[in-house]
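Have the model open alongside as you read.

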Amino acid sequence: MRAAALPPTSMRRWASRGLLLIALIFLLKEASAIVLPVLVALILTFVLAPAVRTMRHHGVPEAISAGMLVTTVVGCSVLAVALLAEPAAQWWERAPAAVTQALNRVDRWRAAIPGFGPPTERRVAGRAAAPPPADPLRERLASESVALTAQVLGQGVRLLVSAAATTILLYFLLASEHWVLSRCIELLPHRPRLRAVVLGGLRAAQRDISRYMVSVSAINLGVGLVVAGAMWLVGLPNPGLWGALAALLNFIPYLGPLIMAGLLLAASLASSPGDGGLTALAAPAAAYLCVHAVEANFVTPFVVGRRLSMNPLSVLLSVMFWGWLWGVAGAVLAVPLLICLRSISQRNRRMRPVALYLRESDRPCPPLSTLLRPPRVLPAGAATQVVTTTTVTTATTTATIPSPAGAPIGAVPFIDRSGPSHEPEIP
């Protein structure tokens, strides 16, 4: 029997890379308990490291400045949890009554649809009324509530352990950020250009992530305050709790506002009186969606700016992937990780097509018919007599590149126009 021919070397190489990538993805999924605290601590280090460097330049030791910043972050987090604990406990206590009220309203809606109504009592001649059969919807909700409570408690314990590990790691990273960065640069080959590339890329990623996180945090704080006021105006109980939830879920692009609107609709269904109309039911969700529309279309583009603007499709895919991998924490980290990838790809010649897909551009796309046309080529005789030059203009320099004989007019190398960048690129 003739042996099967082996695939080409390039095919085997790509197949091994694909298998390695799949194995890495599932490794990250299984090692989330270790990887997540490290990533969160690194992102927070990028945000807080400029403050540590500023205090170091003013004579404050890094250990003391890192302790002050970590204490401030932990204190603010504990204060926010303490303020929200009482409203959350109130909702938890009246959850059974709220669920019963919501189910009664849903039963009335189901009864209006033929074939979807809940089971009713049936009278038999000469006998007492037989008890109605059990409602499968209510039984399922009652059975799943116990499992949901156990799952929430388990996730709460894991969250506390991860928060403690993240806090300790954040302190050590902030206190030794300069030392770690110096040692990492020392490990590189002694080539000044390569070291400048790596250091410039790290500083650029740190600057972009810090600017994004600070800007988005300020925007989300304002969104939380406005949503809390709107919930107070429409009469939803515990408006401060809903404002805090709106601020937290707004860190998740696209999916977070949808989840928040669904939660507000469920809360309105469970807390509004039985004779409330559809307008009263939809008022909290509609008010939140109006606030989110103003924030997403006017406030965020103005504050964040074009430098940090990302392609919406790449942002949505990143949120879906990291959310599938690590849940809510992964969805929150999706955009900072995407900013890191864009900073790396902008300074690596081989990864520049990735940066082209990640950044958002205001330039209109050319028609597809123009992309299918063959490039204009000068005749061979004319090319020997006339030297064609092409002018390339960037944000900082203007250069004239001579085109060789027979080359298409205007054929120039790929140029990154996402903004001025003074760091050298990785060769």
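1. Start with the lining of the largest cavity, made by Y212, M213, F251, V332, V335 and P336. A cavity here is a set of points on a 1 Å grid over the protein atoms alone where a 1.4 Å probe fits but cannot get out, and lining residues have an atom within 4 Å of a point. By class, this lining has six nonpolar, no polar and no charged residues; Ala, Val, Leu, Ile, Met, Phe, Trp, Tyr, Cys and Pro count as nonpolar, Asp, Glu, Lys and Arg as charged, and the others, Gly among them, as polar.

2. A word on what you're looking at: this is a predicted model, where local features need pLDDT of at least 70, side-chain atom pairs count only at pLDDT 80 or more, and totals for chains, interfaces and linings use all residues. Residues are numbered from 1 along each chain as its sequence is written, and side-chain values use heavy atoms, with hydrogens and water left out.

3. How much space does the largest cavity hold? About 30 Å³, with volume taken as the space filled by probe spheres set on the points, and points joined across faces, edges and corners. The structure has one cavity of 30 Å³ or more. Two elements, α7 (192-234) and α11 (312-346), each give two or more residues to the lining, and α11 has the largest share, three residues. Helices are DSSP runs (H or I, at least four residues), numbered from the N terminus.

4. Now those two helices together. The axes of α7 and α11 come within 9 Å and cross at roughly 150°, so α7 is roughly antiparallel to α11 (the cut-off is over 145 degrees). Axes are lines fitted to C-alpha atoms over the stretch in contact, with angles from 0 to 180 degrees between N-to-C directions. The crossing is right-handed, as in the near helix being turned clockwise from the far one by less than a right angle. On α7 the contact (heavy atoms within 4.5 Å) uses A204, A205, D208, I209, Y212 and M213, and on α11 it uses V335, P336, I339, C340, R342 and S343. That comes to nine nonpolar, one polar and two charged residues.

5. α7 also packs with helix α6 (residues 177-187), at about 145° with the axes 10 Å apart, again right-handed. E177, L181, I185 and E186 of α6 meet R195, V198, L199, L202, R203 and Q206 of α7.

6. Last pair: α8 (residues 239-249) and α9 (residues 255-271) have axes within 9 Å, crossing at roughly 160°, which means α8 is roughly antiparallel to α9. This crossing is right-handed. Among the contact residues are W242 and L249 of α8, and P257 and M260 of α9. The contact has 10 nonpolar, one polar and no charged residues.

Methods. Angles under 35 degrees count as roughly parallel, over 145 as roughly antiparallel, 65 to 115 as roughly perpendicular and the rest as oblique. On a 1 Å grid over the protein atoms alone, a cavity is a set of points where a 1.4 Å probe fits but cannot get out, and a pocket is an open set with protein on both sides within 12 Å along at least five of seven lines; lining residues have an atom within 4 Å of a point.
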